[in-house]
Amino acid sequence: MNHVLSVSSSDAHDRPGTMVGNTPVLRIAAPFTTDGRGFWAKLEGFNPGGMKDRPAMHMVERGRSRGDLVPGARIVESTSGTLGLGLALAGTVYGHPVTLVTDPGMEPLIQNMLAAYGADIELVTEPHPEGGWQQARRDRVQAILAEDANAWYPDQYNNPDNVAAYQGLAEELHDQLGPIDVLVCSVGTGGHSAGVARVLRRFHPELRLIGVDTVGSTIFGQPAGTRLMRGLGSSIYPGNVDYEAFDEVHWVAAAEAVWACRALAATHYATGGWSVGAVALAASWEARNHPAGTTIAAVFPDGPQRYFDTVYNDDYCRHHGLLDVAPPGEPAVISHPGERVVQSWTRCASVVNPREMGQ
(Lines give C-alpha, C1' and ligand atoms only; values in the text may rest on other atoms or scores of the structure.)
Protein backbone atom coordinates (compact mmCIF):
# COMPACT_ATOMS: atom_id res chain seq x y z
CA MET A 1 0.00 0.00 0.00
CA ASN A 2 1.28 3.45 -0.89
CA HIS A 3 1.12 6.03 1.89
CA VAL A 4 0.99 9.69 0.97
CA LEU A 5 2.57 12.08 3.47
CA SER A 6 0.40 15.12 3.92
CA VAL A 7 2.29 18.23 4.97
CA SER A 8 1.17 21.82 5.09
CA SER A 9 3.12 24.24 2.90
CA SER A 10 4.54 25.95 6.00
CA ASP A 11 6.09 22.66 7.15
CA ALA A 12 7.53 21.51 3.81
CA HIS A 13 10.86 23.06 2.82
CA ASP A 14 12.60 22.54 -0.50
CA ARG A 15 15.86 24.11 0.70
CA PRO A 16 17.30 24.79 4.16
CA GLY A 17 17.15 28.57 3.77
CA THR A 18 13.35 28.53 3.80
CA MET A 19 13.40 27.26 7.40
CA VAL A 20 14.50 30.71 8.61
CA GLY A 21 11.83 32.81 10.32
CA ASN A 22 8.34 32.34 11.75
CA THR A 23 9.75 31.65 15.22
CA PRO A 24 7.41 31.41 18.24
CA VAL A 25 6.95 33.71 21.21
CA LEU A 26 6.71 32.46 24.79
CA ARG A 27 5.34 34.21 27.87
CA ILE A 28 7.97 34.54 30.63
CA ALA A 29 6.80 35.18 34.19
CA ALA A 30 7.94 33.96 37.65
CA PRO A 31 10.65 33.86 38.93
CA PHE A 32 11.51 36.83 36.74
CA THR A 33 8.42 38.92 37.38
CA THR A 34 5.74 39.40 40.02
CA ASP A 35 2.09 40.45 40.22
CA GLY A 36 1.22 38.85 36.90
CA ARG A 37 3.53 41.12 34.97
CA GLY A 38 5.45 39.16 32.36
CA PHE A 39 7.13 39.62 29.01
CA TRP A 40 7.13 37.83 25.68
CA ALA A 41 10.30 36.14 24.48
CA LYS A 42 10.85 35.82 20.74
CA LEU A 43 12.59 32.44 20.48
CA GLU A 44 15.06 32.92 17.63
CA GLY A 45 16.79 29.69 18.56
CA PHE A 46 14.09 27.97 16.49
CA ASN A 47 15.93 29.13 13.35
CA PRO A 48 18.39 26.51 12.04
CA GLY A 49 21.40 28.40 13.40
CA GLY A 50 19.85 31.17 15.47
CA MET A 51 18.75 34.75 14.92
CA LYS A 52 21.66 35.66 12.66
CA ASP A 53 20.46 33.29 9.99
CA ARG A 54 18.26 36.24 9.02
CA PRO A 55 21.02 38.79 8.29
CA ALA A 56 23.37 36.16 6.89
CA MET A 57 20.85 35.07 4.27
CA HIS A 58 19.76 38.63 3.54
CA MET A 59 23.28 40.06 3.20
CA VAL A 60 24.27 37.24 0.85
CA GLU A 61 21.11 37.63 -1.22
CA ARG A 62 21.62 41.40 -1.52
CA GLY A 63 25.32 41.01 -2.26
CA ARG A 64 24.51 38.61 -5.07
CA SER A 65 21.74 40.79 -6.50
CA ARG A 66 24.07 43.80 -6.66
CA GLY A 67 26.85 41.78 -8.23
CA ASP A 68 29.20 42.40 -5.30
CA LEU A 69 29.21 38.66 -4.57
CA VAL A 70 29.78 36.79 -7.80
CA PRO A 71 28.74 33.15 -8.28
CA GLY A 72 31.07 30.74 -6.54
CA ALA A 73 33.10 33.48 -4.80
CA ARG A 74 34.33 33.02 -1.26
CA ILE A 75 32.51 34.70 1.65
CA VAL A 76 34.87 35.93 4.38
CA GLU A 77 33.68 37.28 7.73
CA SER A 78 34.71 37.84 11.33
CA THR A 79 32.43 36.11 13.84
CA SER A 80 32.17 34.90 17.40
CA GLY A 81 29.84 32.13 16.26
CA THR A 82 26.18 32.78 15.49
CA LEU A 83 26.60 34.78 12.29
CA GLY A 84 29.07 32.11 11.21
CA LEU A 85 26.34 29.51 11.42
CA GLY A 86 24.10 31.72 9.31
CA LEU A 87 26.79 32.31 6.69
CA ALA A 88 27.52 28.58 6.53
CA LEU A 89 23.81 28.10 5.83
CA ALA A 90 23.83 30.81 3.15
CA GLY A 91 26.93 29.29 1.58
CA THR A 92 25.18 25.92 1.38
CA VAL A 93 22.06 27.45 -0.15
CA TYR A 94 23.82 29.62 -2.74
CA GLY A 95 26.95 27.60 -3.45
CA HIS A 96 29.68 29.77 -1.92
CA PRO A 97 32.71 28.61 0.07
CA VAL A 98 32.85 30.33 3.45
CA THR A 99 35.86 31.36 5.53
CA LEU A 100 35.15 32.44 9.09
CA VAL A 101 37.74 34.29 11.15
CA THR A 102 37.34 33.78 14.88
CA ASP A 103 39.39 33.67 18.07
CA PRO A 104 40.03 31.24 20.96
CA GLY A 105 36.81 32.34 22.64
CA MET A 106 34.70 30.47 20.11
CA GLU A 107 33.46 27.26 21.69
CA PRO A 108 35.05 24.08 20.28
CA LEU A 109 31.56 22.69 19.71
CA ILE A 110 30.75 25.58 17.35
CA GLN A 111 34.10 25.30 15.58
CA ASN A 112 33.40 21.63 14.97
CA MET A 113 29.86 22.28 13.76
CA LEU A 114 30.98 25.05 11.40
CA ALA A 115 33.60 22.73 9.95
CA ALA A 116 30.95 20.03 9.55
CA TYR A 117 28.78 22.55 7.69
CA GLY A 118 31.66 23.09 5.27
CA ALA A 119 33.13 26.37 6.53
CA ASP A 120 36.86 26.99 6.77
CA ILE A 121 37.92 28.31 10.19
CA GLU A 122 40.76 30.81 10.62
CA LEU A 123 41.77 31.32 14.25
CA VAL A 124 43.61 34.49 15.30
CA THR A 125 45.86 33.91 18.28
CA GLU A 126 46.64 37.39 19.63
CA PRO A 127 44.22 40.24 20.41
CA HIS A 128 44.78 43.66 18.87
CA PRO A 129 46.40 45.96 21.49
CA GLU A 130 43.53 48.46 21.26
CA GLY A 131 40.63 46.78 19.47
CA GLY A 132 40.93 43.40 21.17
CA TRP A 133 39.91 40.16 19.51
CA GLN A 134 37.37 41.81 17.22
CA GLN A 135 39.94 44.10 15.62
CA ALA A 136 42.41 41.23 15.35
CA ARG A 137 39.79 39.21 13.50
CA ARG A 138 38.94 42.11 11.20
CA ASP A 139 42.61 42.62 10.38
CA ARG A 140 42.89 38.96 9.39
CA VAL A 141 39.78 39.31 7.21
CA GLN A 142 41.45 42.18 5.35
CA ALA A 143 44.56 40.08 4.80
CA ILE A 144 42.45 37.26 3.29
CA LEU A 145 40.61 39.71 1.05
CA ALA A 146 43.93 41.07 -0.20
CA GLU A 147 44.88 37.55 -1.28
CA ASP A 148 41.62 36.79 -3.11
CA ALA A 149 40.26 39.45 -5.46
CA ASN A 150 36.87 37.73 -5.77
CA ALA A 151 36.28 37.20 -2.06
CA TRP A 152 33.39 39.09 -0.52
CA TYR A 153 33.19 40.56 2.97
CA PRO A 154 29.66 41.16 4.36
CA ASP A 155 31.03 43.42 7.16
CA GLN A 156 28.20 42.73 9.59
CA TYR A 157 29.22 45.63 11.83
CA ASN A 158 28.61 48.31 9.21
CA ASN A 159 26.48 46.73 6.48
CA PRO A 160 23.01 48.35 6.35
CA ASP A 161 21.65 45.08 4.97
CA ASN A 162 22.31 43.64 8.44
CA VAL A 163 19.75 46.10 9.79
CA ALA A 164 17.24 45.67 6.95
CA ALA A 165 17.31 41.90 7.41
CA TYR A 166 15.25 42.14 10.59
CA GLN A 167 12.12 43.52 8.96
CA GLY A 168 10.66 40.02 8.93
CA LEU A 169 11.36 39.50 12.63
CA ALA A 170 9.63 42.79 13.45
CA GLU A 171 6.60 41.98 11.33
CA GLU A 172 6.32 38.57 12.96
CA LEU A 173 6.38 40.18 16.40
CA HIS A 174 3.64 42.60 15.43
CA ASP A 175 1.50 39.82 13.98
CA GLN A 176 2.00 37.75 17.13
CA LEU A 177 1.61 40.44 19.80
CA GLY A 178 0.06 43.53 18.23
CA PRO A 179 1.46 46.96 19.14
CA ILE A 180 4.54 46.57 21.32
CA ASP A 181 5.24 49.07 24.09
CA VAL A 182 8.77 47.99 25.10
CA LEU A 183 11.36 46.10 23.06
CA VAL A 184 14.43 44.61 24.78
CA CYS A 185 17.41 43.64 22.61
CA SER A 186 20.99 42.62 23.20
CA VAL A 187 23.51 44.72 21.29
CA GLY A 188 26.57 43.39 19.49
CA THR A 189 26.71 44.57 15.88
CA GLY A 190 23.64 46.74 16.49
CA GLY A 191 21.74 45.15 13.61
CA HIS A 192 18.66 43.60 15.16
CA SER A 193 17.96 46.35 17.71
CA ALA A 194 18.01 48.98 14.96
CA GLY A 195 16.16 46.91 12.39
CA VAL A 196 13.37 45.60 14.62
CA ALA A 197 12.72 48.90 16.43
CA ARG A 198 12.58 50.85 13.18
CA VAL A 199 9.79 48.67 11.81
CA LEU A 200 7.83 48.34 15.08
CA ARG A 201 7.77 52.12 15.51
CA ARG A 202 5.79 52.35 12.28
CA PHE A 203 2.99 50.58 14.15
CA HIS A 204 3.57 52.19 17.55
CA PRO A 205 5.77 55.33 17.48
CA GLU A 206 5.94 55.46 21.30
CA LEU A 207 7.76 52.14 21.57
CA ARG A 208 10.64 52.20 24.08
CA LEU A 209 13.85 50.44 23.05
CA ILE A 210 16.04 48.96 25.78
CA GLY A 211 19.60 47.96 24.87
CA VAL A 212 21.38 45.18 26.76
CA ASP A 213 25.16 45.04 26.87
CA THR A 214 27.82 43.18 28.82
CA VAL A 215 30.17 44.71 31.36
CA GLY A 216 33.53 45.38 29.72
CA SER A 217 31.97 46.44 26.41
CA THR A 218 32.61 49.82 24.80
CA ILE A 219 29.37 50.09 22.80
CA PHE A 220 27.52 52.41 25.19
CA GLY A 221 30.45 54.41 26.52
CA GLN A 222 32.09 52.16 29.07
CA PRO A 223 35.84 51.48 28.80
CA ALA A 224 37.00 48.23 27.25
CA GLY A 225 37.52 45.38 29.69
CA THR A 226 37.80 41.62 29.80
CA ARG A 227 34.58 40.10 28.46
CA LEU A 228 33.66 36.50 29.17
CA MET A 229 30.29 36.67 27.43
CA ARG A 230 30.05 36.16 23.68
CA GLY A 231 27.43 37.36 21.21
CA LEU A 232 26.80 40.75 22.79
CA GLY A 233 29.12 43.61 23.53
CA SER A 234 32.09 44.89 21.55
CA SER A 235 35.54 46.36 21.85
CA ILE A 236 34.97 48.47 18.73
CA TYR A 237 32.17 50.88 17.79
CA PRO A 238 29.90 49.11 15.25
CA GLY A 239 28.46 51.47 12.67
CA ASN A 240 25.04 49.80 12.78
CA VAL A 241 24.29 50.82 16.39
CA ASP A 242 21.46 53.38 16.24
CA TYR A 243 22.17 55.31 19.43
CA GLU A 244 19.30 57.73 18.98
CA ALA A 245 16.82 54.85 18.88
CA PHE A 246 17.55 53.70 22.46
CA ASP A 247 15.73 54.92 25.56
CA GLU A 248 17.85 53.04 28.09
CA VAL A 249 20.73 50.60 28.42
CA HIS A 250 21.41 47.77 30.87
CA TRP A 251 24.84 46.22 31.44
CA VAL A 252 24.84 42.66 32.79
CA ALA A 253 27.69 40.58 34.22
CA ALA A 254 28.43 36.99 33.22
CA ALA A 255 27.38 35.38 36.52
CA GLU A 256 24.05 37.20 36.39
CA ALA A 257 23.42 36.00 32.85
CA VAL A 258 24.24 32.41 33.85
CA TRP A 259 21.73 32.56 36.69
CA ALA A 260 19.04 33.84 34.31
CA CYS A 261 19.78 31.21 31.66
CA ARG A 262 19.54 28.40 34.16
CA ALA A 263 16.41 29.84 35.78
CA LEU A 264 14.77 30.03 32.35
CA ALA A 265 15.64 26.40 31.69
CA ALA A 266 14.31 25.23 35.04
CA THR A 267 11.04 27.16 34.92
CA HIS A 268 10.12 27.69 31.27
CA TYR A 269 11.94 24.93 29.35
CA ALA A 270 13.29 27.69 27.12
CA THR A 271 16.72 29.17 27.36
CA GLY A 272 19.81 30.17 25.43
CA GLY A 273 23.22 31.72 25.83
CA TRP A 274 24.76 34.81 27.35
CA SER A 275 22.59 37.24 25.41
CA VAL A 276 19.41 35.42 26.37
CA GLY A 277 20.23 35.55 30.08
CA ALA A 278 21.16 39.22 29.96
CA VAL A 279 18.06 40.14 27.96
CA ALA A 280 15.80 38.18 30.33
CA LEU A 281 17.09 40.16 33.32
CA ALA A 282 16.55 43.52 31.65
CA ALA A 283 13.12 42.51 30.34
CA SER A 284 12.09 41.30 33.80
CA TRP A 285 12.94 44.71 35.27
CA GLU A 286 10.91 46.44 32.56
CA ALA A 287 7.97 44.13 33.22
CA ARG A 288 8.06 44.77 36.97
CA ASN A 289 8.23 48.52 36.46
CA HIS A 290 5.50 49.00 33.88
CA PRO A 291 1.75 48.71 34.45
CA ALA A 292 0.10 45.34 34.00
CA GLY A 293 -1.02 45.02 30.41
CA THR A 294 2.10 46.63 28.97
CA THR A 295 3.28 44.59 26.00
CA ILE A 296 6.99 43.88 26.44
CA ALA A 297 8.88 41.85 23.86
CA ALA A 298 12.41 40.50 24.35
CA VAL A 299 14.46 38.95 21.57
CA PHE A 300 16.18 35.72 22.61
CA PRO A 301 18.85 35.37 19.88
CA ASP A 302 19.64 31.68 20.16
CA GLY A 303 19.16 28.42 22.02
CA PRO A 304 21.40 26.63 24.52
CA GLN A 305 23.26 24.24 22.22
CA ARG A 306 26.51 26.15 21.76
CA TYR A 307 26.76 26.86 25.49
CA PHE A 308 26.86 23.31 26.84
CA ASP A 309 30.55 23.74 27.66
CA THR A 310 30.16 27.21 29.20
CA VAL A 311 26.86 28.48 30.61
CA TYR A 312 25.57 24.96 31.39
CA ASN A 313 28.87 23.40 32.44
CA ASP A 314 29.30 23.44 36.22
CA ASP A 315 33.06 23.01 36.06
CA TYR A 316 33.44 25.94 33.68
CA CYS A 317 31.12 28.13 35.72
CA ARG A 318 32.81 27.17 38.98
CA HIS A 319 36.23 27.94 37.51
CA HIS A 320 35.06 31.44 36.53
CA GLY A 321 33.09 32.10 39.70
CA LEU A 322 29.72 32.03 37.95
CA LEU A 323 27.84 29.41 39.96
CA ASP A 324 25.00 30.29 42.33
CA VAL A 325 25.43 34.04 41.95
CA ALA A 326 21.87 35.37 41.94
CA PRO A 327 21.48 38.88 40.54
CA PRO A 328 20.27 41.68 42.79
CA GLY A 329 16.56 42.39 42.90
CA GLU A 330 17.18 45.75 41.27
CA PRO A 331 19.98 46.94 38.98
CA ALA A 332 22.30 49.68 40.10
CA VAL A 333 21.70 53.03 38.41
CA ILE A 334 24.09 55.53 36.88
CA SER A 335 23.09 58.85 35.35
CA HIS A 336 25.67 58.81 32.55
CA PRO A 337 27.83 56.05 31.02
CA GLY A 338 30.97 57.95 31.98
CA GLU A 339 30.01 58.19 35.64
CA ARG A 340 31.87 55.04 36.69
CA VAL A 341 32.97 51.65 35.42
CA VAL A 342 30.19 49.12 36.01
CA GLN A 343 30.94 45.58 37.19
CA SER A 344 27.44 44.16 37.65
CA TRP A 345 23.85 44.67 36.49
CA THR A 346 23.44 48.40 35.99
CA ARG A 347 21.00 50.56 34.07
CA CYS A 348 21.31 54.03 32.60
CA ALA A 349 18.59 56.19 31.02
CA SER A 350 21.18 58.39 29.30
CA VAL A 351 22.26 56.76 26.04
CA VAL A 352 25.09 58.48 24.21
CA ASN A 353 27.31 57.73 21.26
CA PRO A 354 30.75 57.02 22.80
CA ARG A 355 32.43 58.76 19.87
CA GLU A 356 30.86 61.95 21.20
CA MET A 357 32.31 61.33 24.66
CA GLY A 358 35.86 61.67 23.38
CA GLN A 359 36.67 57.99 24.04
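Let's start with two helices. Q167, L169, A170, E171, L173 and H174 in α6 meet V196, V199, L200 and F203 in α7. By class, that contact has seven nonpolar residues, two polar ones and one charged one. Keep in mind that this is a predicted model.

Now the geometry. Two packed helices are described by the angle between their axes and by the distance between those axes. Here, α6 covers residues 167-177 and α7 covers residues 191-203. Their axes come within 8 Å. They cross at roughly 40°. What does that make them, parallel or oblique? The cut-off for roughly parallel is under 35 degrees, and for roughly perpendicular it is 65 to 115. So α6 and α7 are oblique to each other. And the handedness? The crossing of α6 and α7 is right-handed.

Where is it placed? H290 lies in the loop between α9, residues 274-288, and β9, residues 296-300. Is H290 buried or exposed? Its relative accessible area is 17%. Buried means under 20%, so H290 counts as buried.

Who are its partners? Leaving out residues up to four places away in sequence, H290 touches R37, V182 and R208. Take R37, one of these contacts. H290 and R37 are 253 residues apart along the chain. Yet their C-alpha atoms are separated by 8.2 Å.

To recap, then. α6 and α7 cross at roughly 40°, with a right-handed crossing. H290 is a buried residue, and it sits in the loop between α9 and β9.

Notes:
Residues numbered from 1 in each chain as written. Predicted model: local features only at pLDDT ≥ 70, side-chain atom pairs only at ≥ 80, totals over all residues. Heavy atoms only, no water. Helix = DSSP H or I, 4+ residues; strand = E, 2+ residues; numbered from the N terminus. Buried < 20%, exposed > 50% of the residue type's maximum accessible area, 1.4 Å probe, protein only. Contact = heavy atoms within 4.5 Å. Axes fitted to C-alpha atoms, helices over the stretch in contact; angles between N-to-C directions. Parallel < 35°, antiparallel > 145°, perpendicular 65-115°, else oblique. Left-handed = near helix turned anticlockwise from the far one by under 90°. Nonpolar A, V, L, I, M, F, W, Y, C, P; charged D, E, K, R; others polar.
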